Amino acid sequence: MSNYLLEMKHVSKEFPGVKALQNVDFQLLSGEIHALLGENGAGKSTLIKVLGGIYIAEEGEIFIDGKKVDINNVNAAREAGISIIHQELVQVPHMTVAENIFLGREPMGKFGVDIRKMVKESQQMLDRFDLGINAADEIFDLSIAQQQMVEIVKAISFNCRILVMDEPTSSISDREVEQLFEIMRNLASQGVGIIYISHKMSELNEVCDRVTVLRDGTYVGTRVVAETTKDELIALMVGRELDQYYTRDHVKDTEVVLKCEHIDDGKKHHKRVNDVSFEVRKGEIVGFAGLVGAGRSETMQCIFGLTRGSTGTITLDGKQISIKTPVDAMKYGISLVPENRKVEGLYHIQSVSFNSTIEVLHLFIKNLMVNRKKEAEITQEFIDKMHTKTPSHEQAVTNLSGGNQQKVMIGRWLATEPKVLIMDEPTRGVDVGAKAEIYEIMNELTKQGMSIIMISSELPEIINMADRVYVMYDGRITGCIDYEDVSQEAIMKLATLETDQHNNGDAGNLNSQEAAKA
Amino acid sequence: MIKVKRYFKDNLGIIIALLAMILFLYVYPKTHNTFLTQNNIFNVLRQSSTNLMLACGMTMVIILGGIDLSVGSIIAMSGVLGAAAVVWHGLPEIVGILIAILSGVIFGLLNGLVIAKTKIPPFIVTLASMNIAKGIAYVYSEGKPIRCMTDAWKFLGAGNVAGIPTPVITMFVVFVIAVLFLNRTKIGRHIYAVGGNDTAAKFSGIDTAKVKFIVFSFSGLMAGLAGITIASRLYSGTCTSGDGAEMDAIAAVVVGGTSMSGGSGKLGGTLIGVLIIGILNNGLNLMGVNSDWQYIIKGAVILLAVYTDFLRNRKKGS
C-alpha cells in the first residue's frame, strides 16, 4: 500500500508521429511541492494534460490515495480533486473576481444569480490568504499576479487536493513571486500536493521539496531538491554533462565601432530613454542590465529607427550616420533581434524559410523572378549556422520548439550581415541546451569581428557573457562595469539606484535568486 | 511540374468540389445538352470575370488581415461616373473608362490612407466608404440608369477579341499580374508578413503603412475595373449594379482557402473559388432553380466548402 497522494504509473501517450510520453512514472506526496523539470518538448505539459483529463493516455494508470481512478475528461479530474492553473490564464476579463470564481456554478437566489452571496463567499476565500483583492473588482483591473492568485483561490474552492501550476512566475515581478510562493507553502502545509512547472532552476531551492525530470517523453529521475545540484539537474535534463554552459573569450580595449551619444526618445510623457550615451567596441559583447522598465529595450529601439522623434548622435566606424527607419539601420549594419519573439519576431504560420529570409528578399527576388535555389541556400546557411532543428524549410515556425524558434529569429537578422547585432533577451523562454548553444554562437560571432549588444534580465548571463556591462535605471545609464569587476551586487546597486537611497536593503531582493551564479 | 503537383495537393478539396459540380451538371439530364457548350463556358467565364477581378484584390486584402466591403459600391459609382462622363459630358469613351477606373483607385487610396494612418479597423473604414461610394452613385445619377450604347463603350464588357469575350481576357491578364505581384515581388512577401504579424513586420523594417496603402489601392483599382466592365456589359451605368458583389468576392476568397485571420492564402485557390461560385450560379440557372432558392443553396455550398477545408487543415495540423 503506497502512501502517495497521487501516483501515475507507466503513462504513455502517442501523437501521430511522436511518442510524447513513454512509460512515465510520477509520484506526489501530500503536502509536497514537487517540481516538474524538462526542456521544451520533454513531455511536461502532456503529462499534466493527461492528469487533467484533457488528453487520454493510451497506457498507464493513475492512483489517488492508492485507489485507481479513471480520468477521462476534465470534470472527472476536477471530481478527483485535481486543479490545473494554466500558463495562459483563462479568465473573463470584464467580469468580477467573484463571477470568475463561481463561473458556471453561480449560486441561485429567487431572482436569478445571488450576486451578494457570491461576492461574500468569494471575499471570505480571498481573505483567507490575506490577498487584499476585492471580490467585486473586475479581473481586468488586477495585475497578472493577482489574477493568478484568483485562479488559485478558484482552484481551492473546488476543494482541490492536487494543484498543478504551469510556469506561474513567467510573467510576474519578483515581489509577486515571493507572495505566490508564500501562498504555495501555506497550501502545502494544509496538505495540498502541488506540482510546479518552471523553467527557472533558481526557484527550485526557494520553494520545492522534490523534483522530477523528464526528457524526450521519458522519466529520467526524481531527486530531493536539497540534496541535488543545479549541474546535476541540467545534466539530467539535457542528457549529457554540459562541459561548459557559458562560452566566452573576453576582449578588451579593441577599437570603437559604434558610438551613441545623448540618445533620447523625445517623448514628453512616460519618458523611457533620457540622454543615454554608450559605445561598443569591435568583437565585444556589451551587456545592458537593469530592471524591467529601465528603458533598455526602448534605447535600442531608438537606435534601430523604431521610435519616431528620437534624437541623439550615432557614429559608426568614425562616421556619423542618420537612422530614421529599421531599413536604414540594417543598411549601415545594425540589426536588432527583438525581445518578444511571439509578438515582435515571428510570422507564426509561415515557414522556416519565409521567416529566415524576410529581411534579405532583395538577394533573391528581382524583376518578378524569385530565385528559389538562392532562397533555399540562404535558409540552409542559417539553419546550419544556428544549429536549428527543423524537419524541413517548409515547416511552419510555430511548430518548432522555443529554442529553435529563437534560433530562426537570430538567424534571420544574421542574414543581414550586421556589424553590430543587438539582442534583446536572447535566451528568454529557451531551454538550457539551446541556451548553451546560443552562447557558443554569440562567442563565435564576436570572434569573427561582430559586436553584440545584449540586453538581459538574467544576471548570470550578463555576468558570464558580457565584456562590459552598462546598467540602466529609469531611462538613464547609471554606470558601466568591466567584466573583471562585474558582480551581482555591483549591478544591482546601479540598477536600483533610487530604491537604494530611499530604502536600504530592498535592492538585493530583485532577481537575487536568479543571480546565483551557474 | 512539382509546382503543378503541389497546387493540386494544396487545393485538393475544392478541386474535387469543382469537378464534382461540373460532372453533375454534365450528367444531369436537364443541363446535359447546354452546360458544356462553348457558348455556356464563355458565359460562365464572363459572369465570373468581374468576381475574379474583385477577388484578386480581396485575396490580398484578406491576407493582409483586413477586409474591403466597399468594392460592391465602387462598382456602382465607377459605372455611373464613367457613363455620365460619356453621355452627359460628351467625353470620348476612353476618357469615361479612365475616369471610372480612376474613381475606384481614388476610393482605394482613401481606404488605404485611413487604414494605414489610423488604427480604425478596415471593416469600419470600408463600411463607411461603401456607403459614401453608393451615395455618390445615387446622387450623381439621381437614381436612374445612364444608358450608353456605343460600340467603343460596349467593347470592354460585351465585346470579343478573336471570338473570346473581352472581360475573359481582362480577367486572365489581371489574374496573371496579381499572381506575379503577390508571389514574385518583395511587396508580395511583405503582405504575408504584415498579415501574419503586424508588430514583427515593423521590427523587420517593413513599412507596414505603405503595404496597406498599396493593397487597398489595388483593391480599389480592381473594383473600378470591374465597375466599368459591368457598366459596359449592361450598356449603362446603374447605381444598383454591384450590389452584394463584395460578398461574392469574399466568398470566393474564403472558399479558395485564404484564412480570414490573415497571413496565409493563395490566388490559385481564389481562382477555383471564383469558378465554383460562377458554376454554381450558372448551374442553378440552367437547372431552372427559382432565384429565391438560389441564395439558400449558395449559402449552404459556401459553408460546406469552407467546412471541408477546415476539416482537412485540422487533420494536417495535428
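The legends below describe close-up views of a predicted model. Local features are described only where pLDDT is at least 70, side-chain atom pairs count only at pLDDT 80 or more, and totals for chains, interfaces and linings use all residues. Residues are numbered from 1 along each chain as its sequence is written, while chains are lettered from A and ligands numbered from 1 in the order in which they are written.

**View 1. Domains 2 and 3 of chain A and the contact between them.** Chain A is divided into domain 1 (6–238), domain 2 (257–333 + 418–518) and domain 3 (341–417), with bounds that come from an automatic or database domain assignment. The C-alpha centres of domain 2 and domain 3 of chain A lie 26 Å apart. Eleven residues from domain 2 of chain A and ten residues from domain 3 of chain A take part in the contact, where two residues are in contact if their C-beta atoms, placed from the backbone, lie within 7 Å. On the domain 2 side, helix α15 (residues 432–447) of chain A gives the largest share, four residues; helices (H or I, at least four residues) and strands (E, at least two) are DSSP runs, numbered from the N terminus.

**View 2. The side of chain B that touches chain A.** Here 18 residues of chain B are in contact with 24 residues of chain A. On the chain B side, α9 (166–184), α10 (186–196) and α11 (198–203) each supply at least two residues, and the largest share, five residues, comes from α10(B).

**View 3. Helix α8 (residues 230–238) of chain A and its buried residues.** The buried residues of this helix are L233(A), I234(A), L236(A) and M237(A), a residue being buried if 20 or more other C-beta atoms, placed from the backbone, lie within 10 Å of its own. Because they cover an arc of only 160 degrees around the axis, they lie on the same side of α8(A), the arc being that of the directions from the helix axis to the C-beta atoms. Among the elements that cover them are β3 (33–37), β11 (210–215), β12 (218–224) and α15 of chain A. After α8(A) comes G239(A), whose phi is positive, near 90 degrees.

**View 4. Confidence along chain A.** Chain A averages a pLDDT of 86, and 94% of the residues score at least 70, pLDDT being the predictor's confidence in each residue, from 0 to 100. Confidence in chain A is highest in strand β22 (residues 451–455), at a mean of 96, and lowest in helix α18 (residues 497–502), at 49. Over residues 499–518 of chain A, pLDDT stays under 50. Where pLDDT is low, the predicted coordinates should not be read in detail.

Terms used. Buried ≥ 20, exposed ≤ 12 C-beta atoms within 10 Å, placed from the backbone.
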